[in-house]
Amino acid sequence: MKKGIKRTLKVLSLIIAVVLTSAFLQEYILCDFDHNRERIKGFYLEKDNSLDVMFLGASEAYCDFAPGYAYQKYGFTSYLYASQSTSILSCKYKLKEVLKTQKPKLIVIELNSAVYGSDARVRMEANIRHFVDNAPLSWDKYEFAHGYDPDNEWEYVFPLIKYHDAWKNIPEDTELLGTIVNDKFRGSNYLKGMRNETRVYKSKQKPLNEVMINDNKNVPLTRLSEKTLRELLQFCKDNKLDNVVFARFPHVVTKKTVTRFYRSNAVADIVREYGYDFINYEKNYTETGIDFSKDFYNIDHLNVYGQRKFTDFFSKVIMDRYGIKKSNLSPELKKEWDTASDYYNAYYQYSDEVIKSGRITDLDEGVVEDAGFKKYLKNKQ
């Protein structure tokens, strides 16, 4: 009898050791290590029900809005739960994830993901993995993976299966690895998911935005995009989510991208059909104060100058139109957000220095370990 118990305990110990080792490898070593990972992982470090405003979407969300600056100037808390080139297929899943730990007063969903030109782009594996690989294990994650790719569903539920042979990349980005580890120990990240590039985009042609303000021509969405967008909107209605607003953040509209502009008009019609607001800052860009000659780093994303202007403008919209007020924070949370504000200021000043030097680089949460960045943090204003 005792031998049987000992044998059982040994087997259980082995199973536990394998599970713990696999979990460690999947979290820190055998994974796709990039800024999407630190942003998504960082969200789950936020204290439950501590965020006033949530931003969901793709790179437009994490490049165009600065939570630390919004808190500093207007006093509300926010987070950028966004991933690179996100697919409209994952938007409902993102929303469900947010609602598990937060009760935001407002949820802003940027719908660039709805205007892709082909179903192949909508279903692109990389665009799915940027988010799903980094979300925690749950029934919703399995349900999404099963619906997206039933033949390979377990690779999405347990990304270790996909990246099991990634030993040669251990780890390529030690800066981000250190950032994620430090964030976990600290219980939060400093930039709340923000990322940008040190460029100033110079357009070779005059943007079409101004002349197309009143152009309401529609180009239909792909069949899959429209079906998925309607499912997202119906989910919001079924769950009585009256605190959701949909948006199209600023882009430089050119002859090459004008079809996306017309798809945005189709998105607007569908969103409003379900009774939700859709704000289009491709059309309403003049009120934001954005300057096309200074404030973008490419045609789709604002640089730090445009980001600050848009954060300033959109924060006022959030407060005036949707009733968001200054947060009443505990001393612990106030300290955290005061620190986030300090780090934003250092980030902005450091980005300004790098842009003026002519050096082009990406700046995300990992920049907080850079010596040049720390100089501004030390001399915070």
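Predicted model: local features only at pLDDT ≥ 70, side-chain atom pairs only at ≥ 80, totals over all residues.
Local features need pLDDT of at least 70 and side-chain atom pairs count only at pLDDT 80 or more, while totals for chains, interfaces and linings use all residues. Residues are numbered from 1 along each chain as its sequence is written, and side-chain values use heavy atoms, with hydrogens and water left out.

A salt bridge is a side-chain nitrogen of Lys or Arg within 4 Å of a carboxyl oxygen of Asp or Glu. The count by this rule is 25. One of them pairs Lys192 with Glu46, at 3.0 Å from N to O. Lys192 lies in the loop between α10 (174-186) and β4 (196-197) and Glu46 in the loop between α2 (35-43) and β1 (53-57), so the contact ties together parts 146 residues apart in sequence. Both Lys192 and Glu46 are buried (under 20% relative accessible area; exposed is over 50%, partly exposed in between; 1.4 Å probe, protein chains only).

Within helix α7, Arg129 and Glu125 lie four residues apart, about one turn. Their closest N and O atoms are 2.7 Å apart in a salt bridge. Arg129 is buried at 5% relative accessibility. Glu125 is partly exposed at 32%.

Glu282 and Arg248 form another salt bridge, at 3.3 Å. Both residues are buried. Shared partners also join Lys96, Glu97, Lys100, Asp140 and Glu143 into one salt-bridge network.

Leu137 sits in the loop between α7 (125-132) and α8 (139-148). Its relative accessibility is 57%, so Leu137 counts as exposed. Helices (H or I, at least four residues) and strands (E, at least two) are DSSP runs, numbered from the N terminus.
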